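Below is a short briefing on a protein model. It covers loop residues, helix packing, aromatic pairs and contacts along the chain.

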Amino acid sequence: MGYKAQIHFELEGCYRIGSHCEQQLDFSKINQCLYELDIEGEIVSEYWQNQWEYVSLFNGQTPLKEAYNLQQIITTLPRLFQQIYGKNYQIETLIQPVVWSGDQGKLITGSSQIFASEIRAVHIPNAVQLNVSVLDKRGKNLIAEKGFGEHLQDSFLRTSLACCLLYLPEEAAFERLALKSRYGLAQELCSPVDISGGHQGSVALYKQLGKHNQNMGEEPLLYDSQNNVLSVQQNWQKTARIEHRLGAASIYYNPFINVLYGLLNILDTVKAYEQSTPLFIDDFTPTPLPSSLYTDNNCEFLGALDLFKASTWFSDSINLVEEKMATKPDGSLKLGDQIKKAILKQYQINFLTSNANDLTQ
């Protein structure tokens, strides 16, 4: 259709290192390994003690290559940490929705940076984030165009509930959603609600301003003799994007399926954009994400599994693409139905068996 989807991941995780060792990890060594493995991303330190974040690099990689990069991180990072620092350090790599008692501390009331002398356990939530933008035939970022970013944000909001199984693939992911309210960590795990999201995360549209109310797309123009930036220009049109910030870090998170989920939302938005479909936000009802993979005993609140089973948007969207692209339909189960069936099959016998990565094919 002449459009180019740009999809990038961010993944948070933690590590534990033997109590006898005071050495911190040197991420530059890890990042050199990632470069040698042709993984277009880097590991940086995050806010909490021993927390790290994988950040995708903007190298023009395809969505498929981006999914492959993240899959490599999930499967190889534990080995790389151990390989670089040796068995003596007893390094444990944690790609989990919640790292229980991962840090200690309590913020002073009214502060987001200064900790009080009182000590308590902080359970660290780890997210996986999907960043999305779309280029037109001229290479122009459509997120910056009037209406397109809002349409794409609306599409993600409307599909996120039924498809939450894709980005919340294990029961512990739902514990992550409840950390603030259940364990009194609202202050320690705070984020500006009006900018970056609510108590469960967000589907955020960033244009001129980012999630901390900072200017987006600032590019240095002039430096002094000490290499300090003296002046900048703001090119927010280049960096404008949707951030789907609801997912939980997990070894069961499937980057390929989640890239597919992102592409289907982009496809719906492109169609609406080309047809100049008006955006109706008044009929959208905010709904909390489920509290479990499973429906409660009274069947009052559906779990993620039953929500995904009941919805047809994901499979129907893939089926429609197949109908338009396939030259010889053979009458077998349609591709979207096959993929949906394969996703659900993982949960039928034992929850997430050792075959959890079969869908990478």
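**Briefing**

Asp 38 is placed in the loop between helix 1 and strand 2 (41-45). Helices (H or I, at least four residues) and strands (E, at least two) are DSSP runs, numbered from the N terminus. The model is predicted: local features need pLDDT of at least 70, side-chain atom pairs count only at pLDDT 80 or more, and totals for chains, interfaces and linings use all residues. Residues are numbered from 1 along each chain as its sequence is written, and side-chain values use heavy atoms, with hydrogens and water left out.

**Overall**

- The protein has twelve helices and eleven strands.
- Of the 361 residues in the protein, 46% are buried; buried means under 20% relative accessible area, exposed over 50%, and partly exposed in between (1.4 Å probe, protein chains only).
- Among contacts (heavy atoms within 4.5 Å) between residues at least 6 apart in sequence, 70% join residues at least 24 apart.

**Loop residues**

- Asp 38 has a phi near 60 degrees, a positive value in a residue other than glycine.
- With 46% relative accessibility, Asp 38 counts as partly exposed.
- Ser 276, in the loop between helix 9 and helix 10 (304-310), is not a glycine but has a positive phi of about 55 degrees.
- Ser 276 counts as exposed, at 63% relative accessibility.
- Asp 26 belongs to the loop between strand 1 and helix 1 (27-36) and is partly exposed, with a relative accessible area of 30%.
- The C-alpha atoms of Asp 26 and Tyr 85 are 9.3 Å apart in space, while the two residues are 59 residues apart in sequence.

**Helix 9 against helix 11**

- Helix 9 (residues 255-274) packs on helix 11 (residues 313-325) at an angle of about 70 degrees, with the axes 11 Å apart. Axes are lines fitted to C-alpha atoms, for helices over the stretch in contact, and angles run from 0 to 180 degrees between N-to-C directions.
- Helix 9 and helix 11 are therefore roughly perpendicular to each other (angles under 35 degrees count as roughly parallel, over 145 as roughly antiparallel, 65 to 115 as roughly perpendicular and the rest as oblique).
- On the helix 9 side the contact involves Ile 257, Leu 260, Tyr 261, Leu 264, Asn 265, Leu 267, Asp 268 and Lys 271. They meet Trp 313, Phe 314, Ser 317, Ile 318, Leu 320 and Val 321 in helix 11.
- The residues of this contact divide into ten nonpolar, two polar and two charged. Ala, Val, Leu, Ile, Met, Phe, Trp, Tyr, Cys and Pro count as nonpolar, Asp, Glu, Lys and Arg as charged, and the others, Gly among them, as polar.

**Helix 11 against helix 12**

- The axes of helix 11 and helix 12 (residues 335-345) come within 6 Å and cross at roughly 145 degrees.
- Helix 11 contributes Phe 314, Ser 315, Ile 318, Asn 319 and Glu 322 to the contact, and helix 12 contributes Leu 335, Gly 336, Asp 337, Ile 339, Lys 340 and Ile 343.
- By class, the contact of helix 11 with helix 12 has five nonpolar, three polar and three charged residues.

**Aromatic rings**

- Seven aromatic pairs are found in a search of the whole structure. Rings of Phe, Tyr and Trp (its six-membered ring) pair if their centres lie within 6.5 Å; planes under 30 degrees apart count as stacked, over 60 as edge-to-face and the rest as tilted.
- The rings of Tyr 15 and Phe 81 are an edge-to-face pair, with centres 6.3 Å apart and planes at 85 degrees.
- This pair links distant parts of the chain, with Tyr 15 in strand 1 (residues 4-16) and Phe 81 in helix 2 (residues 63-85), 66 residues apart.
- Both Tyr 15 and Phe 81 are buried.
- Tyr 261 and Trp 313 also form an edge-to-face pair, with ring centres 6.0 Å apart and planes at 85 degrees.
- Tyr 261 is in helix 9 and Trp 313 in helix 11, so the pair ties together parts that are 52 residues apart in sequence.
- Tyr 261 and Trp 313 are both buried.
- Tyr 15, Trp 52 and Phe 81 are linked into a cluster by ring pairs.

**Arg 16**

- Arg 16 lies in strand 1 and is partly exposed, with a relative accessible area of 37%.
- Not counting residues up to four places away in sequence, Arg 16 touches Gln 90, Ile 91, Glu 92, Leu 94, Val 99 and Trp 100.
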